[in-house]
2 protein chains.
Amino acid sequence: MLLHINHHSGIPIYRQVMDQIRYQILSGVIEESEQLPSVRDLSSQIKVNPMTISKAYAFLEMEGLLDRRRGVGLFAAGLTKSTKKTNSSALVTDKLEKVANDAISLGLNREQFTQIANDVFNDLEAKNNK
Amino acid sequence: MLLHINHHSGIPIYRQVMDQIRYQILSGVIEESEQLPSVRDLSSQIKVNPMTISKAYAFLEMEGLLDRRRGVGLFAAGLTKSTKKTNSSALVTDKLEKVANDAISLGLNREQFTQIANDVFNDLEAKNNK
DNA sequence: CATAGTGTATTATTTAAGTAATACAGTAGA
DNA sequence: TCTACTGTATTACTTAAATAATACACTATG
């Protein structure tokens with residue numbers, strides 16, 4: 001697996017790793033029980049300390065998205081529908097929070113924000129289905 | 001003007017100040033050219049260093065929301081409302097598009113997405129105003 | 001039982017953000 | 001010009017988060 005990490009973005013490395021792997025698991029690119037890249041694989045690819053990667057995986061395990069097996073490796077967890085739904089919602093909520101913050105700074109109100117969200121989603125769906 | 005600051009919320013003081021004053025200006029509670037509370041007024045009210053308040057005002061000036069006049073005071077800027085609102089919506093639309101794309105990949109539907117957007121905005125607003 | 005892979009606990013270092021101290025700079029009005 | 005307000009640049013301190021160093025622990029396989 002290839003990760004795209006920006007060392008100068010201000011976003012912590014371990015978070016960038018988490019976000020990308022979480023997305024792969026939730027979206028189904030990585031399947032249940034599939035082995036994930038080892039800590040040292042990623043740490044040498046990204047040129048970062050192994051513990052930084054281990055930290056990312058530790059959080060993902062807490063989220064229930066994978067299992068860590070010392071001496072063996074890392075494996076995508078089986079996601080029940082509800083787990084998947086919960087995590088997907090959480091992921092989207094996180095990202096929406098940042099945008100909502102911007103919206104507030106710019107003086108938008110709740111109705112405007114929700115309206116835009118609805119419209120944008122509609123447009124995208126339409127585009128994907130044609 | 002009375003500000004409600006929580007010293008233990010984890011949200012930086014200068015940001016709390018920014019958010020509350022920004023809201024007053026954008027919502028029209030404070031009118032164009034109206035003088036804002038002095039740096040020392042707020043710093044003694046909040047029991048914080050004057051530079052912390054000055055920092056908040058400096059950012060708000062960068063946002064174009066007020067003018068700082070050394071030796072005189074701080075004054076709400078005139079807002080070209082229609083232009084501002086248009087730009088804000090465009091910016092927010094852009095960012096929402098990315099999130100909506102992820103949401104679609106993760107299997108969320110429009111109702112769920114819009115619902116989350118609405119809730120997130122609500123929560124943020126509540127947090128900022130308490 | 002040696003080896004070459006796995007992941008990790010503990011500790012230390014680095015970095016960035018927030019806040020404060022201090023001294024300074026501008027304006028208005030008596 | 002003196003006074004009493006304004007805001008601010010520079011520097012230093014504090015704290016928490018992110019990252020790294022090191023040494024260790026587990027597992028599979030020949």
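Two strands are taken to pair if DSSP finds at least two bridges between them. Strands here (E, at least two residues) and helices (H or I, at least four) are DSSP runs, numbered from the N terminus. By that rule strand S1 (residues 35-36) of chain A pairs with S3(A) through two bridges, and the strands run antiparallel.

The model is a predicted one, in which local features need pLDDT of at least 70 and side-chain atom pairs count only at pLDDT 80 or more, while totals for chains, interfaces and linings use all residues. Residues are numbered from 1 along each chain as its sequence is written, and chains are lettered from A and ligands numbered from 1 in the order in which they are written. Chain A averages a pLDDT (the predictor's confidence in each residue, from 0 to 100) of 92, and 98% of its residues score at least 70. For the complex the predictor gives an ipTM of 0.79 and a pTM of 0.83.

Strand S3(A) also pairs with strand S2 (residues 66-69) of chain A, antiparallel and through four bridges. S2(A) and S3(A) form a hairpin with three residues between them, and in the turn Gly71(A) has a positive phi of about 85 degrees. Arg68(A) stands opposite Leu74(A) of S3(A), and Gln35(A) has Phe75(A) of S3(A) as its bridge partner.

The side chains of S3(A) (residues 73-76) alternate. A residue counts as buried if 20 or more other C-beta atoms lie within 10 Å of its own, as exposed if 12 or fewer do, and as partly exposed in between, with C-beta atoms placed from the backbone.

Ser33(A), at about 70 degrees, is found in the loop between helix H1 (13-26) and S1 of chain A. Ser33(A) is exposed, with 10 other C-beta atoms within 10 Å. Lys47(B), at about 60 degrees, is found in the loop between helix H2 (39-46) and helix H3 (50-62) of chain B. Lys47(B) is exposed, with 9 other C-beta atoms within 10 Å.

Between the chains, 32 residues of chain A are in contact with 31 residues of chain B; contact means C-beta atoms, placed from the backbone, within 7 Å. Helix H4 (81-105) and helix H5 (110-128) of chain A each supply at least two residues of the side that touches chain B. H4(A) gives the most, with 15 residues.

How values were computed. Two residues are in contact if their C-beta atoms, placed from the backbone, lie within 7 Å.
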